[in-house]
Structure formats: C-alpha cells, structure tokens
Amino acid sequence: MSRAVFQLHVPEGDDVSTPIEVTVTGEVDASNVREFTRAVSDVPGERPLILQLSSIKYLDSAGFSALDRMLAEDAIRIVLSPDSFMYRVATLMCMPIHDDADAARRAINEG
Amino acid sequence: VSDLHRPGWPPDARDLPPDLAAAVALGGEMGRRFAEFDWTAHPLGPPQFWATEVRAAIALVLTSRFPMLLWLDTTELFLVYNDAYVPILDDRHPEALGQRGQYAWWDVWKSVEPMIASVVTTGEATWSYDLMLPLMTAGRRRERFFTFTYSPLIGDDGTTFGIFCPSFETSERVLSERRLGLLNAVATAVLDTNTIDDAANAAVAACEGQPDVPFVAAYIGDAATGDVTLHAATPLVRPLLPRTLATLTTSQAMRRTRATMHVVDDVSAMIDGIHDALADDCPEQALLLPLGEGKVAGALLVGINPLCALDDQFVGFCQLLADQLSSAVASAVSYEQQLQRADALAELDHAKTAFLTNVSHEFRTPLTLVLGPLEDALTDSTPDSALSNQLATVRRNAGRLQRLVDSLLDFSRIEAGRANANSICVDVGALTSNIAASFSELCGRAGLELVLDCHPAVADVDPGMWETIVLNVLSNAVKYTLAGSITVTTHSDKALCHIIIRDTGVGIAKADLERLGERFFRADSAHGRSVEGTGIGLSLVRGLVDLQRGTVEFASELGRGTAVTIRLPRSTHGRPVAHAPAGLLDNPYVVDAGQWVMSRPVDEVEPAADDRQLVLIADDNADMRAHLRRVLSPHWRTVLVADGLEALETARKVRPDAVVTDVMMPRLDGFELIAAIRADPKLAATPVLMLSARAGAEAISEGYSGGADDYLPKPFSSKDLIDRVAARLSSAARERANRRSSDALARVALDFAQLDAALQSADTGAAIAEALQGCSFAAADAPVICLGVLDSEGKTIRFEYGDPVPPEIRDRYHIASMDTPIVPVDVIKTGQPMIITDTLSLSPRYGHVVNETVEVVRSCISQPLRGVDGRVIGSLGMLWPTPRDFDPAELDWAARIAKMTQSVLDGILNVQREHRIAVDFQDHLLDLDRGSTAAVVAAVYQPGGEAMRVGGDWYLVVPLEETGQVAISVGDVVGHGLAAAIAMSRLRAAVAATALTDASPASVLATLDRYAATVPGARCATVSYAVIDTGPDGRSARVSYSCAGHPYPLLVSPDDPAVFLSDGRRPPVAAWESPLKQNIAVQELAPGSVILLYSDGLIERPGETLDQGFLRLQGAAEYRADRPVGELCAELLERMAPPGGYTDDVVLLAIRPCHSAARSFAAVVPASLDQISEVRHRLRDWLSSVGVDPKRECDVLLATGEAVTNAIEHGSGADARKTVSIEVFVRGQAITATISDAGQWSGDSSASQRSLRRGRGLTMINGLADDVRTTRSTDGTQVTLAFEKAVLPESGLVEGVTA
C-alpha cells in the first residue's frame, strides 16, 4: 500500500530572502492533506510565503481546499508555471496564481 | 355337607369349585350375588356337586356381556342370569336369582311356558323376533319387545338339563318405528285437505286403532268468534267431550296458556264415562298440546297408550303429531283466505261495471246538450269560415266522445247481463256490405283497397248491435293497416253464416292474441295509424256477438295481417226483413277513422320563412295538431308532424328551437323521441315540452325522468302552453350564451386534461417532471420544473428536474436534508407555497443557494404537494432564469398543476412503497457481496412477468480468504413462490458456507449433492459454480468451475470470440448418477476477460432451441463486453428480453477480475482514504502503458481520483469493509472511467456543497471530464467519466497530429 507522499523544500541558511519560497513536490490528496497543511504552517518565517507548486505531481480538491484556507488567512501566494501539470486545473478552479516567483513577490510587495 | 373331597377343590362344600370361582370373579354384580347365594339351602344343592356342563353353562353366562338367562332343571326352571340381563328383569332383580320361572315371570308365564315346554319336549330351539311381552315394570304393565331364543342345554348323558336364553330388548326401536309410521299416515291424510274440519277429521281418522293414541280430540279456534271448539275426535270418545275447550279445562287445574303442553293425569276425571267407552284401552293420562297459530289457535288432546311410559320420546312424538295438524290447519286457513279474496275480487268487478254504467249515463245528458246547439250553430255559421272550421272540430270530437260513451254503456250492459238483442231476421251479407261501404271513401284516401265480397247470409241479429260490431272491427282494421287491403266476405252454409274481415295490417303477436277481447287489454303496438283507444272495442265486439248467439275468432300473424271471423247461426225461419242503416257517413267511427288518414295541409310541413324561432309540433291526432298550431303560430314559426319518427327526421332537417310532443304516438312515442333527440349531439340541447293526457304526479315525474324539459298534462290552457314554450326558448338562449363564453375555459380545460393524461402515465418522479415540462402553457417563457420528493422518513428531499439543468446543479441538488436552507425544504416544512419574484431579494438565509443557482434561477413558484392524508409529500418548483412578476391567472394554474401533480405523486409513492417491500424481500435473499478486491462484480435479478416477485433463482459472490480469489455461483431451484425461495436461500447459504471452508468446485458440489437431498424442493436444482483466482501478479488469472445442469458460463475475452465454458458440465444437484458427477474444468483468463453466469430465463424463449438462445447471448455479450459490469448486466437484460418481457425470473451475474490490459483496467479497493493514492498509481501506470496524451493524463487522474474520493467518503462513509471499484476502458482515442460504490448516497449532497472542498471536487470532475454521467440506484452509485481524445493516436493513423 503506497500512501500519497509530498515533499516541502524550504530554503535553509541565513541569506534566505523574504518572502520565503517553499517548493512542493510529490502528491497531495485527501489522505495526506492534513500533514500538508500542518507542514506548510510549520514553515518558520513571515507570511505570506510563496508556495511553488509547479513541480507537484498531484493535488486534488482536498488540497485545493487546504490552499483556499491558507489564501484566506493570507498565509501564502501560489506559483504555478503555465506548463505545469496543475495549471489547467487551477485555472479551472479560478485559483489566484502567479506564473513565477517574481510575480508573486511583486504582488506581495504591492500589498 | 359332604366330606367328599376332590383335589384342588375347597374343603368346604359351600365354597365354589375353581371354575365357578374364576367365573364369578369376572361376573360383576351377578358374579358376586351368585357367590354369596346360599346354594346349600337351594334345591339345586351346593355347586361343588353340580355337573361339569352345568358349571360351564353358568360360567359362560356370568362372564358374557350379552343379556343371557339360564333356566336350570327342566321342570322347576330355576333362573340364573348375568349383569346384562338385569334391566330386562327390572324390579324382579335381585330376587329372581335361583327363583322358579313361574314365580319370577308370573305376569307373562302364559306366553312363555308353552315355548319352554316345546324346547324341553322336542329339543328344538325357539326364535322370537320383536315379541311383545306386557311386563309389569315399576308397578305397571308396559309394552316391551324382545328378540330372543330358547335352546336346550344338553348334559353328557344326552338329556336336557336346562334352557339357555340370550335375549335382547328392542322396545325403543319398535316403538319409534310404529310412531313414525303413524306420523307419516297423518301427514299423508291431511295432504289433500282444504278446510280445517277436513284436516282435523283426516288426522283423527289416521290415528284410529293405533295403540299409541287410544283417542285424540282437536279443539280449534274460530277466526270470527274466537271460541275454541271441538272439530274432530275419536268416534268412541267424541260424544263424551264438551263442545268447547274452555269447558273441558275448567275441571282441571291448568294454566290458561295455549303455548305450553299440559299433562292430564286423570283422564277419567276429566271425561266422564271414558272408561266405559274404551274399556281396557282406556288411558290414565292424556296430553293437551297447543295447536295452530293466531286466531285459529287451539289444542290437541291426545290419550296416552296405557302400556307406555310418558317419557321424552312419547312427548316428542305427540308434539310432532300436533305440529303436523297445525301446519294442515295453517294451509287450510290460507286456502280459505284465497277463496275469500277471489270472491271479493269478483264483487269488486261487479261494482266497477255498475259504476261504468252510471258514469256513462251521466255523460250522455250533457253530451246531448252540447251536440244539439252545436249542430244549430254549425248550420248558422258561414260555410268554410274560421268559426265553422272550429265548430266542426268541436262537433267531431263531441261525436267521438259520444261514441266512447255509447261503447262503454253497451259494454257495461253486456257485463251486467242487462243487454237484450232485439233480433230480427236480416240478410247479414247485405247489411255488412252496406256498413263496410261507408269506409270506402276513407280507404281510398288512405291508399287501402277495400274489397267487399258479400253473399247473402240470413241470420237473426239486432241491426244496431251488428252495426257496432262491424264498425268496430273495420275501424280497427283501418287503424292497423298502413298499406294493402281490407277484405270483407260473407257467406253461409247449412248451419252458419260466416262473416270474415281480413286485413294486411301489422298483425298481433301470439302472446297478445290470446288476451285479445279481454276488457281494457290493448296489444302493445306502436305501428298503427294512431295509438288512441280505450281497449274496449274488441271486447265489446265479443260481448255483442255473444248476444247474437254467435262466435268470434281472431287469427293473426305479426307483420302479415289479421282476420276476424264471426259465425252466426243461420236463421231457420222467416224471411229477411230489408234493413238499411242510416247516416253511416256521419257515424263517429268513420269520422274518427277519417282523422287518422287525413292528409295534412301543405302549410303544416313548410314553415313560413321568417326570423322567428321554430317550434316543432308532434301529435298523432289531427285536431290536436291543428289546435296546437293555432295556439303557437302567432308567436313562433311552427312545423307539424304526426308521429315520433317523422318528428325526429324533421328535427334533423329543420333544427327547431323547441319541440312540443305528445306522449302516445305511433312508430316512435314521445319518450323514445326525447331519447333520440338527446342522443343526437346536434339536437341534444333542444328544449322539449311534453304533452300528455296522463295526469298525476307519477306521470309527470316519468316525463321529467324521460328527459323532457317541461311536462304539461292535458287539458291545458292556451296561455299556459305559450308561457311554457316561451320560458323554454329563453332559457335555451341563455345556455347558448353561456356556452360561448365558456369556450375559452374549455380550451384551458383541454390543456389540463392533456396534462392529466400525461401525468397519469408517469410512473416515477422523473417521469412526472418530464410530463410537466412537456405541457404547453400560456406563458411563453416556460419554467424549468423541479419536483422535490420527500423520502418516507421525512428526512431528505430528492429532486427531479424536467429540463436539463447544468450537471453541477443537478449533482449538488439531487438530494437535500431537511435542515438545508433552501426554498423547497421550507415549503415542505410549512406546507405553504412560496412565490419569489426575484431570488436576489430573498433573505440572507438562502444566500448560498441563490448564489449557486443565480445563472439558472431568478424567480420561482414553489408549491407544497400533499398526499391524500394531508401530509406534505414533496414540493413542485417552477423556476425561471429571470426575475418576473406573476399575474393571478398564472398563480392559479400553478396551484392547479400542483394539485394534479400531488395526486399522481402520491399514487406513485404508494406503488413504490409496495414495490419496495417486495424488492427488499428478494434483496434480502440475494445480497451481493462486493467485499472482494479480486474482481469487479455486478448482478441483476429480474422477476418474471405476472409471477410472484420471489422466485427460485439465485446469485452469489463469496470473497475468499486467499488473496485474489473469489467464488461465484448462479443457481435455479425448480418452481416459483415462497417454497422455491426458501429452498433457494438454503442452497445458496450452503454454497456460501462450503465455499468458505473449501472453495474447490468438487467440494462445494459434493456437499450440495448431499445437502440438496435433504431440503424439500431442492432436488434437481441446477447450479453453476466457479472460483476465480487472479493469481499472484494479476496476470495469470484462471477460473475453475463446475456446471451442474445449468446453462454454461460465458467467457468474453478482449481479443477472442466469446465462448461457453461447457467442459465442466455435470448433472443437476442431488439428481441421477453420472460419470461426470465429479467433473471440474479449469480455464485460463486473459486480462480484461468477463465471465457471465445466468439462469435459463435469460436465454429461453418459447418456440426456440436452446442453441438459438446461446447464440443470441454470445452476440450481445461480445458487442457490449467493453462496458463496466453493472452496465453490461443492465444492457444484456434489456437486449435479451423477449417481446412482451420475461416470463420466467432471470438472474445475471458478471465478474471482471482486476487487471491492467491493453484496452481496459479494473481495480477494486476498500473504501478507505488510504487507498486512493494506491489506485491512482496503478491507474497512472496503466495510462502510460496505453499511451495516454500527457496533456490529458492529469485530467483523467484528477477527475477519477475525485470520483473515487467521493465514492469512499460519501458513497461508502469511509467504511473500509465496503469497496469502490474502478473500471476504465479505451475506445478509439477516448477513455471512459466508471467508479462504482455500493452506497446509497443518502448523505446530503446539497449540504456538502456548503463544504467548499466537495464543491471543488464536483467542479473539477465536471471541468476536467468531457462528459459526466451519474447513475444512482438502490444498489449503489455509478459515476462514468468520459475523456475525449485522451489517447495519442498511433502515429500516422490520425491526420493533423503534430508532435
């Protein structure tokens, strides 16, 4: 039995620029969405952080719900490159996304 | 006492020897008495000295249960008897034991002794059958009857030492038979009696000489005086009896009631001298029994046979005797009443005749006073003036009245016997010819040929009477002859003159012919020229002919004509006097008949063409027609007809505004005319006014119930008639106006009727919604229909939409719990309709649903739907996409539609409830275990035609412990109904239980063979059983199976033709022996294969071979193999159905092992969220292997994943014991995925839309898949997702594909 697995890549070290950019890989579904939520909220540092999802392999509606709550708390900005696996779905769901991390940063700085 | 001692015998001679000692021990009371008897003091001496044969005879008697007596010693005849004989001895017992015969039987010794003597002398036995012996019993002599024999007891020396007498008392039977005989004799005797006295005397005579009733006396009441007097008695006793019952009973202290029986204990005291009269037969007792009923009630005194006890049997017998006489008296009474009634009727008849005579006389005077001045006035008036025409009408009808009165008077004179014929000798031939000639002009007008062939015939007749006779017969002939001829012939022979009047008229029916000439009888004929008449004409003829000493005879045939033959005795003396009748042309008969054949003036037919309303007048009397026209024509146009048929034809032609009709008319009477008018849609509304001479409330109500709009009894005033016709015409005009304005309403009604018809044919909620959607209503912007149905627990509402709504909305709002803030919930809760002109103005409570549906719904009407019990059962929503206002008419029809819908819905819900009970029962018996993850399974059960829902077919899936293994079975028990269902469920349970311990087909079938032999009705059941093993890697699946007399399993593999697995066949369970009994077969399964098990009902059709059925199934299954198993089952069931549906019940089971193959994928996972990634990874691998377009891989994975998640969370409630199955197929470039769960989706779909996550899930599914279909049933939910162009084409096959 293989459960869904995701990885959170949090940049480490002192020279990390804020807002912090966290890259997610692997799969998020209803079976591990709680861990995913907890893992993101456990990331230290300022909010909102930038969540890079372009490399994620699978994200179901449970995952979108989790992201929705984080967005509502203004805890994240989401980056999805147009050629990424989830882009079409995110568009379909009308989720606010940024094509790249720079765009996300600009958005944060503009408030 | 002797000292002789025998070995084994008691030493004391007084003691009994061993044989007798043994006998007395078995002998009951008499045994005891025999032992205690002091035989030493008896002439016979101690028993020890008795001879062996004596002792043997005694032992035989004492131990027997048949009444027996021994006479010991041929001279002294000492008695020895047994217990059974005691009742015969009665009070002689116990002294009779050992007594001499002549003392014991002193009272009958005279009869008995000679018999005994003869036995002793001759040795020959006697035989007496039912011999009467008047034994003294309880101090009195009683008649007792015995059947017995006396036979000799012979000792070892050959001499007779005594007499043996078995005896049986037969008194009861003999007496019963004797009394029954007497009762029969009495019954026969009274049978033909008609008077009370006859009946009583016959009964008494039958009792004469009968020993049981020494005397009888019948006292019977007099209906007039009430005295109860003696009517009959036994002759010897009769002179001694008082005349009245009262006198008889004064001497006795008895109650005065007649209802009870009374015992007279001393007859001599009651009736002086009776002892002398009857001597030895004189009874001491008598019974006084009630007799008859009502005014004739009396008593029957019955003397009691002195030799009989007055026991229950005797009393019962006497009561039967009294009952018989009572019923004879009752019928005599009713006979006398009938006689009296007949007399009274005759009297009444006389009175009527007298009355008729008086009345006729009274009529004549005023009539004479009318006719006289009338003639004068007529003479004075200007000829052909209006006045003279009217006066002529009056004279004609006064003349008619006079003729009727004369007839009545003649008639009543004849009846009273006071008519005297003043006969003179005339030539009847010439006279008749003269009279008949007066009809010639009239016949000419009527188109009838009058043939006179009158030869001289001399007879003595009263000329006036003869005239009446001939006029009556002739006018009758004219009346009933519509075409042809009337022939009058006279001739005479030696004795008689014959006068024959023959017509070619309508004739008279045979039954009526017999009654012809009866007073007032009128044959029921509507085919004459007129139906006027009193019914005395022909009976007057008969009476008058009688007075001429002649006879009259009627011969007739229906439709052919009638002949009246009068025969008169030929005059033997004198010469005929010339007699010429005078004034025959003015004779009322001729004048009257002239009215029937009067041709109508032209203006009666042709109404003047003006714009006044038209009144049709139907009456067969010409005068009456003319009168009606005079009265009505100043006001309306009129058209006149003479009978009902003409009236109907004319009405169809001229369409009158009103009809005035008589009741009694030829051809078609008034009632028949009205019925015909009402039945003709173009005439039905025409008001009809009925006129009739029949007055009285009854006749009037008959007129109204016959369909008349008004009824006017004759005579009526002209003004009344005009008023009534005017009233009818104006109300008819009003009705017409109403009809015009109601045309619009009728159109609406028609729409509703069409809708109602559509609704009536709906059998589901969805069909109702569809029917409502299809209805064409005034509003141009037809609303979307949304029908909400409350479930039986009242917890959730299920919605059905009439028009396609976006699938998202349909999926979100297909079901809602009763706490969801949506409009239908509140409508159902409150029972009040809601009218919403703009959803955006609704309270925030509905905010969510309003936002969700704003694209589709902006205004709506929602109505509660109620069942017949008043409970709210659902809601009817009408949804518009734009805000709008509703006018009252729209609200009105919305309410009406809701009313119609609710009754249909209520009916459907009731049917569904009943259906569910039956289905639940079968489902209970046939649950489908989907717990196995080795294969996807589906099964259907289809009940056969009219048969009871439960049947003998089963299916079964048993998940086995061994991973990747599952056992399946389909079977069929012979027969239908509960018994078959029970046998079926037991066999099925046995298969399941055995499979769990040892799943091999050999083991399961062997167990089943043994078990079925013990289950009633299970022998010869057919079973197919298979174990599927998907193998360790899921790639080397195989099936091992055995098929016991059952249609072969069908294997459909992806790349090969479908094959029937026939190698594993064997005989049915618990049936005949066969070498194939252990037959098992194994078959490899290619990945993606499906196996079908089914019962014979699926393939069998009447008139077909089984092979045809097999071929049909093979073709259908190959064609549909690339479908999910659930769909495959449903489709095959539909495709295989014979025209007209299955007659037998059908089971079909499909199983598809889990696999990943070139064009298909199947997986089953426990309903746990842990499983979703596992199945996703397998699916992803398979997708890669089939060459999925990478751009669509995400769509397929995500949408399928969402559907699986939904199935686990909502369909199965994340219950890991349940499973979710996924079947995916590649067809061309398309991929379809079907996700099935066994859940009811009873959860709240619309509530969960509030949970954003599920909302997103549905959005994703619908957004990513090109088509989404959801099928929900009680077995679970299936979601099928289709993805077009999901598979990359093989290079070069499809144009326009770029890298």
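Modeller: This is a predicted model. Chain A contains four helices and five strands.

Biologist: What share of the residues in chain A is buried?

Modeller: A residue counts as buried under 20% relative accessible area. Chain A has 111 residues, and the buried share of them is 52%.

Biologist: How much of the accessible surface of chain A belongs to carbon and sulfur atoms?

Modeller: The accessible surface of chain A totals about 5,400 Å². The part belonging to carbon and sulfur atoms is 48%.

Biologist: In chain B, how are helices α21(B) and α22(B) oriented to each other: roughly parallel or roughly antiparallel?

Modeller: Helix α21 of chain B covers residues 644–654, and helix α22 of chain B covers residues 670–679. Their axes come within 9 Å and cross at roughly 25 degrees. Angles under 35 degrees count as roughly parallel, so α21(B) and α22(B) are roughly parallel.

Biologist: Which hand does the crossing of α21(B) and α22(B) have?

Modeller: The axes of the two helices cross at roughly 25 degrees. The crossing of α21(B) and α22(B) is right-handed.

Biologist: How many residues of the contact of α21(B) with α22(B) are nonpolar?

Modeller: From α21(B), G644(B), A647(B) and L648(B) meet L673(B), A676(B) and I677(B) of α22(B). Among the residues of this contact, none is charged, one is polar and the nonpolar ones number five.

Terms used: Residues numbered from 1 in each chain as written. Chains lettered and ligands numbered in written order. Predicted model: local features only at pLDDT ≥ 70, side-chain atom pairs only at ≥ 80, totals over all residues. Heavy atoms only, no water. Axes fitted to C-alpha atoms, helices over the stretch in contact; angles between N-to-C directions. Parallel < 35°, antiparallel > 145°, perpendicular 65-115°, else oblique. Left-handed = near helix turned anticlockwise from the far one by under 90°. Contact = heavy atoms within 4.5 Å. Nonpolar A, V, L, I, M, F, W, Y, C, P; charged D, E, K, R; others polar. Buried < 20%, exposed > 50% of the residue type's maximum accessible area, 1.4 Å probe, protein only. Areas by Shrake-Rupley, 256 points an atom, 1.4 Å probe, with all protein chains shown as cover.
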